[in-house]
Amino acid sequence: MSSLPLAEYALLSDCHSAALVSRAGSVDWLCLPRFDSPAVFGRLLDEAAGRWSLRPVGEATAARGYADGTLVLETRWACGGGEAVVTDALAMAVGDRGHELGSASPHALLRHVRGVRGEVDLELEFAPRPEYGVVLPLIVEGDGGVVGRGGAALVRLCSPVPLEVADSTARARLRVRAGESVGFALRFAASIEPVPELWTPEDVERRLRETAAAWRSWSRMHQAYQGPWKELVHGSGRVLQALTYATTGAIVAAPTTSLPERVGGVRNWDYRYCWVRDASLTLRALWVAACPDEATRFFDFLARAALPQVRSGTDLQVVFGIGGEHDLTERELPHLSGWRRSRPVRIGNGAWVQRQLDVYGELLDAAWMLRDQISALGDVARELLAAAADGAAARWPEPDHGIWEIRGEPQHFVHSKLMCWVALDRAIRMADFLRADAARVERWRAEAGAVRRAILERGWSDAAGAFVQSFGGDILDASALVPALVGFLPAGDPRMRSTIEAVAARLTDDRGLVYRYRAPDGLAGGEGAFLLCTFWLAEAWALAGETARARATFEAAAAHANDLGLLAEEVDSASGELLGNFPQAFSHIGLVNAAWAISQAETAR
């Protein structure tokens, strides 16, 4: 059973795929060649689903961190006989720099050991299990390592030390003395392609230097934020870049699937796709923690993926594959036991067929923030955005599944109505760019007014003393904080202030973390506190001028980042342990946006 706490893992990325490496030196998750490809190493979800372990023999202590400005992981191992440093990275292409980070990928995982003091004995175990552990590959010894073939995958482990092969697993023992080093590389190709060329230890060292230089050049070019929590903000910016599929500009919600929202529960989803909902929040975070170039590429991806649907007059799809795929049909993998036996393990995501009307607002709000950049997208952007505004105007009175993708009957969710208002408000402001005629703009204005009145009249509950989850109800929902964040009402408005106080009092656990809601939603079991919602509360306090409360709320959420600054989706209120897919873009987006809001509020004071 896979059971390590999620905080034990580090993220590696080449902006095409991602790996998770445990503090114990085991690569327990790696999908190649894309984020959404079948896992080659899947031990994260089942002990038998493959891993690549490299660590000292016997007892040893580990201290780890990313090399400055990079996602190159350095783990310093200390044991009785000496010290050694293991450096891990997913290789960037030679010459990748700045805006071109990840423009191509050799699809190679690098692991390098350097002796620091005395001597250290290490053990290596290489057990690839393609297609989420379904395939037991044939591993053949050869010059300079081994080659594994199975299913559609071909992997080559380049190793300067002899390997022994048994049961589709290659193993080795090696000794590294002070001043010595040894490098390994996993090379990946499709099974119909030639075996990748051998990389020597010198090649590994050179590729590691190139990869570190690529990340540092991106960080220097993109990361100018100098406000509070600078290191966390910069780290989150690198995480968002790491979750970007460089080929298209899509950003995955997380690089993992089926890490549960409660241990042993069934709320296990595949997040290796790109949600339109994340657009406005992501783009604002990229503007703070990165730069408009990445943001524009992300918007361009969304525009091209969504345009066929809005042209046809159908609902705007809420989530796409990272190559622009529309069909994300969900299925279960019954052979995997799941993280801490949290079944089922799912791939695909059924949300692709849901109606979620808030996406119109997220798309238009993203365009409003990028209005100076998207002019280069021309008629494609104009057609998409104007049609999206028309969709919001026509569909806002209808029920949907909402921001939290409730898997039950559609409802009149307040947040969905709010984001339809955002779509219309932003379209009106951009009417000249959209080349909308007077009649069209007037229709948008009339519907925006109708949505606003409906929210103020039917989205408010006297019993709750707050804006609520759905029209006519009394259920409190953290998404009721969003009106202050999108300019529907100022945070100091009595109704917004009452809503903020209600969320802080009734949706917050003993750790100061915020739940999405506390009401039945049609799924068995519960979930942890939601980090994005906690950062929303911090941002709302900042907008209300309550900077001390904003800081306290921010710190409550940020304190749950692991030693590398990585956040999952949720936190178990009882244990404080991270839950949900990891690392989670939404959580890092919330951190960046809340830090910026607090910085601005404190500057204004």
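Modeller: W229 is buried, with a relative accessible area of 15%, where buried means under 20%, exposed over 50% and partly exposed in between, using a 1.4 Å probe and protein chains only. The model is predicted, so local features need pLDDT of at least 70 and side-chain atom pairs count only at pLDDT 80 or more, while totals for chains, interfaces and linings use all residues. Residues are numbered from 1 along each chain as its sequence is written, and side-chain values use heavy atoms, with hydrogens and water left out.

W229 is found in the loop between α1 (201-222) and α2 (230-242); helices (H or I, at least four residues) and strands (E, at least two) are DSSP runs, numbered from the N terminus. The phi of W229 is near 55°, a positive value in a residue other than glycine. E405, which is not a glycine, has a positive phi of about 55°; E405 lies in the loop between α6 (379-395) and α7 (414-429), and is buried, with a relative accessible area of 16%.

Other loops hold cis peptide bonds. One joins L32 and P33, with omega about 5°, and P33 is found in the loop between β3 (26-31) and β4 (39-41). Another joins R343 and P344, with omega about 5°, and P344 lies in the loop between β20 (331-332) and β21 (346-347).
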